[in-house]
Protein chains: 2
Amino acid sequence: MSRFLTPHAAELPSTVPFTGPETLERRTGVPFRARLGANESLFGPSPQAIAAMERAARDVWMYGDPENHDLKQALAAHHGVTPGHIAVGPGIDGLLGLVCRLTLGPGTPVVTSLGAYPTFNFHVAGYGGVLTRVPYKGDHEDPDALVSTARSTGARLIYLANPDNPMGSHHPASVIEGMVATLPEQSLLILDEAYADLAPPGTVPAVPADHPQVIRMRTFSKGYGLAGARVGYAITNPELALAFDKVRDHFGMGRIAQAGALAALQDQGWLRSVQDRTVAARTRLSAIALANGLAPLPSATNFVTVDCGRDGDHARRVLAELGRLGVFVRMPGVAPLDRCIRISLGDDETLDILEEALPLALKAAG
Amino acid sequence: MSRFLTPHAAELPSTVPFTGPETLERRTGVPFRARLGANESLFGPSPQAIAAMERAARDVWMYGDPENHDLKQALAAHHGVTPGHIAVGPGIDGLLGLVCRLTLGPGTPVVTSLGAYPTFNFHVAGYGGVLTRVPYKGDHEDPDALVSTARSTGARLIYLANPDNPMGSHHPASVIEGMVATLPEQSLLILDEAYADLAPPGTVPAVPADHPQVIRMRTFSKGYGLAGARVGYAITNPELALAFDKVRDHFGMGRIAQAGALAALQDQGWLRSVQDRTVAARTRLSAIALANGLAPLPSATNFVTVDCGRDGDHARRVLAELGRLGVFVRMPGVAPLDRCIRISLGDDETLDILEEALPLALKAAG
């Protein structure tokens, strides 16, 4: 390893938290017919967002506004907070990295769920934090266990996604509010609400934006359909929101991304139509699973996690066979969650492909 | 400050390395008529790059390829290296941050020039490195002094931009090659070649891509006119290039940015036309300066640094008066460089505005 690396950097693996579908396509030489593995929005973004990005493409010779002023103003109005409560960054992935950078040193304890978002774990390891992983309780992250483990380990950070990825489950607002009320004093809760725009009413907790111990993460990648634009934001107390300015890449948000996110936010009618199509697609995808003898889990997200009814090896075979048939899906990484595969919602045409492929894949998987 | 921050993070200031022109416009309420301060390309990107980004906007529901495969292949072919010699990131700014993260710990010595790129200094401070700043020699960065200071301080990193920002000067390839030959064994040279696409022939040194102690930084923000897309890349030995995978935001490169950069690279005819217009605009901008009794410095970049002939206070007054007249320019931050203002090249229409405003600004500055 290069002699210029810090000892910590030298020890880190050069890994990708997720293998991209393009990489899989290059390996097999066959493009996927149904891209249902990355929880992208097959319903796409608002046409107004596309138009705004096309316009911005003609202005791309200019750097974006390093303060993200217009987007922050609009987000603040949308959420009923001040712009000082908002930090904009390159997706939740980027923001999670910045939170870890701001808060973790070598050996700092952190708590998450066993099988939860790997990219968070990547960042924790990257900044030298030490993770304790708490098992899911059934198919839900376990707020009580996360809090008690945070207390016993002295965790600086607690990560919880609500709704959850990869299981698609969610806790009602009251459960999260109860969790927030019992946070150990030394712990900051990262509440990843990437899927909140698609969750049932009553999912988003009433946590004051000024709360000193909570940082909520939102994204334009899921409900708003802008995954390839890389725009996320955090909502938190102004002191912590301002701290991002210490370490963020100030000119890191591109002009096209800023324009797309702003226009997407301004088209709430499109988001509502996506929400409606999400509910319908969940129903259809669940029906496809049931028709094949599988058990779809209830979903509060833009994917349905499907219990294949046996062990992880079986689910991995099903996933591999789907891949061979041109259907890209993913699955949880650890037992017992890995008895499932995770299928993103699609438009009718893409779900038709899934419907045709799933019985063949199950048969081939044995 | 938030009690969750590390001691180091708590000590960092919440500063922006550069105040954006949009911020200045919001302060005054008056938009700039001539945006000549950020070294953006007023000649714009290739129309093919714009078209590629418009097409990609319609596919933006998909994440970008986390491996940046197609862009890396094309860059490798363009530079006659392998894809393993390339690391793609969100602009040179983002890549500088990653290099600092990989190599610096608390107290690690770093050497740069006094008055050189502030964003590099921001990242060094952000990761706890300790900067020694070497004076410019005349209007050039001083390779000999950088190397000798690196030797005496035991510097892990040496930063040098060739061509230089903010002075616009450059060293011929042979000088950089001589510098590389004398690097202390413990030092990695970051050779920032942001402006190399616009430099005179003979500027880019013949450093083998496998060299263990050199990492070259390139960008699509300057010659290619894609500042608002955030695409940069490093060329270095495969061992160091691979190390970026330890810490980078793997899904951080957006789909539109990837498409724009690839199309821009494939339109070398456009880059050549920009190079021609750059030479012509340097000549005209220099003539405008001379006509006003100022001394334009020779430029190897997309800006001309203009010696206002007195001290920093005078140059700051000139800059402020230009701003009042709707002309955005910047200037070096420290003496003696700050006797100058730095004016980006523009198309004829924008230089007309400068030509009209400059005598008024000089008169008002006294």
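What rotation and what shift along its axis superpose chain B on chain A? I looked it up: a rotation of 180 degrees with 0.0 Å of shift does it, at an RMSD of 0.0 Å (least-squares superposition on the C-alpha atoms of residues with pLDDT of at least 70 in both copies). The two copies are thus related as by a two-fold rotation axis. I also noted that 100% of the contact residues of chain B recur in chain A, so the same surface serves both copies (contact: C-beta atoms, placed from the backbone, within 7 Å).

Ground rules for myself. This is a predicted model, where local features need pLDDT of at least 70 and side-chain atom pairs count only at pLDDT 80 or more, while totals for chains, interfaces and linings use all residues. Residues are numbered from 1 along each chain as its sequence is written, and chains are lettered from A and ligands numbered from 1 in the order in which they are written.

Who sits by the axis?

Next, the domains of chain A. I have domain 1 as 19–44 + 269–365 and domain 2 as 47–266 (bounds from an automatic or database domain assignment). Their centres, taken over C-alpha atoms, are 25 Å apart. Across the boundary, 23 residues of domain 1 of chain A are in contact with 23 residues of domain 2 of chain A.

Methods: Contact = placed C-beta atoms within 7 Å.
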